[in-house]
Amino acid sequence: MEMNKKQIAVIAILALLTAAFFYYSIESKKEVIHRGTKISKIDVGNMSREEALKKIKDIKAEELKNSKFEFTALGESYFIDYDDMGYSLDVEKAVEEAYNVGRSQSYFKNFWDITSRAIFNRNINLEESFDNAKVDETINTLVMKVYKEPVSAGIYYDENNGFTLLNSENGRYADASQLKQLIMDNIAAKNSVEIPLIISYPAIREEEFEGIDSLYAEFSTDYAKSIQNRKDNILLGSGYFNDLLVKPKEEISFNNTVGTISSATGFKDAAVIINGEFDQGIGGGICQVSTTLYNALIRSDLEIVERHNHSRPISYVPLGTDAAVAEGYKDLKFVNNTDHNIYIKSFADGSELKFQIFGNAADRDYEVEIVPKLLSVNEPNTVKKYTVALEEGESKVEKKGAKGYSYATYKEIIKDGEVVETVKISNSNYIAQDKVVLIGEGAAENKGDKSEKTSKKGQ
């Protein structure tokens, strides 16, 4: 008697279940990873934990040998070793997960996991990661590789060739936070990453030089004999005015442009004038910068809003043409009183400090001559200081003193070789420094006693 289809199906199912239970009873007792289990598509079935660990690590190490992460920007490629980014695979976790397949607390789940693997493989993905600190180092490297500082337009001038306009250029820098996210998102894909760039723009464009066609004036002072700290201060201070573009009616403050003068902003200790006396202080030499700039400004006939002379004469410019600055109470301020932009260049080579001022020739169709005139000379007072450190009848000059001067400074407007106008631009008063003479009033036996106090009895 022939079996019908239902009977055949029942027999087949029973046979299949019998085979499955038989397979399960054998497979479940093995102390290895069950068959049909893969890690990252690598078969680890029937292996111990140690064997699977070794196999996965060996294969992955070979795959990653000399592997590099590719980054691209503007058609250029940059390659970083995976090791340099702290790339790692959690093989131990994957092997443990593979071993636990078919070893849960549920009999039915274990039965299904083990028997189904004979037909359907199970793949366990390796968890990939980068070391956060090393990724940051990589990003810093890439940021430096793609960085380009914007270049402002400028003017180069020499007497032989005249003006040359230097074109501006856009800069660029990497968006570091977005780049990091792209790296982390791309661990599995391992595709090249396009470095996200942000465009930076120059401070000065070519169009801002429209109308600038003339060198109004240049002025230089010598500082070759200065100590190195003073030279460094002059270089730093003058740099704040290099490539400075000033619009019509715009007012510029020397102090605001330079900012705080301190060791924190790069200035160093050098000789300064404090209360009429030479002393050491941060920023020594900055007044030579302001004075040199001032002389270029007045020869360009720009409007001077604020200017102060030094309390004592200085040697690098004629008296009456200096410009002292001191944060908080002495400033040099000027206004562009022309109809076009003006442009300032500074040069400091360790020996000569020079400023050039450029503008529109039609705004200055004349030349300027600066003429300081001496008004008076003030002799120093003599101050007598009595002291027992000297014998009575002896005297000694403690301080030589210095003359004081009063100046008026004029500008002469010259056209076609003729002075057409003379205008006073400033008054300068340099205070006389007292001569100090020590007068002895000590007894002969006290001559060597230098610890005796001194007394001031008159002037």
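The structure is a predicted model, in which local features need pLDDT of at least 70 and side-chain atom pairs count only at pLDDT 80 or more, while totals for chains, interfaces and linings use all residues. Residues are numbered from 1 along each chain as its sequence is written, and side-chain values use heavy atoms, with hydrogens and water left out.

Lys41 is placed in the loop between strand E1 (37–39) and strand E2 (42–43), and its phi is near 70°, a positive value in a residue other than glycine; helices (H or I, at least four residues) and strands (E, at least two) are DSSP runs numbered from the N terminus. Leu74, in the loop between strand E3 (68–73) and strand E4 (76–81), likewise has a positive phi, near 55°, and is exposed, with a relative accessible area of 60%. A positive phi, near 60°, is also found at Asp301, which follows helix H9.

Helix H9 itself comprises residues 286–299, and its 14 residues should span 20 Å at 1.5 Å a residue, which agrees with the 20 Å that separates its end C-alpha atoms; the expected span is 1.5 Å times one less than the number of residues. Of these 14 residues, 13 are buried, so H9 is largely enclosed by the rest of the structure.

An open sheet is formed by 3 strands in the order E15-E19-E18, with antiparallel pairing, two strands being taken as paired if DSSP finds at least two bridges between them. Strand E15 (251–253) and strand E18 (303–306) stand at the edges with a single partner strand each, so one side of each is left without a neighbour in the sheet. The twist averages 25° from one strand to the next, with axes fitted as lines to C-alpha atoms and angles running from 0 to 180 degrees between N-to-C directions. Between E15 and strand E19 (residues 333–335), which run antiparallel, there are 3 bridges, and Glu251 stands opposite Val335 in E19.

A search of the whole structure finds 17 salt bridges, each defined as a side-chain nitrogen of Lys or Arg within 4 Å of a carboxyl oxygen of Asp or Glu. In one of these, Glu218 is joined to Lys354, with the closest N and O atoms 3.9 Å apart; because Glu218 lies in strand E13 (residues 214–222) and Lys354 in strand E21 (residues 352–359), the pair ties together parts that are 136 residues apart in sequence. Glu218 is partly exposed at 35% relative accessible area, and Lys354 is partly exposed at 22%. For the salt bridge between Lys268 and Asp232, the closest N and O atoms are 2.6 Å apart, and since Lys268 lies in the loop between helix H8 (254–258) and strand E16 (269–274) and Asp232 in helix H7 (residues 228–239), this pair ties together parts that are 36 residues apart in sequence. The side chains of Asp322 and Arg307 also meet in a salt bridge (3.2 Å, N to O), with each residue in the loop between E18 and E19, so the pair ties together parts that are 15 residues apart in sequence. Both Asp322 and Arg307 are buried.

Terms used:
Buried < 20%, exposed > 50% of the residue type's maximum accessible area, 1.4 Å probe, protein only.
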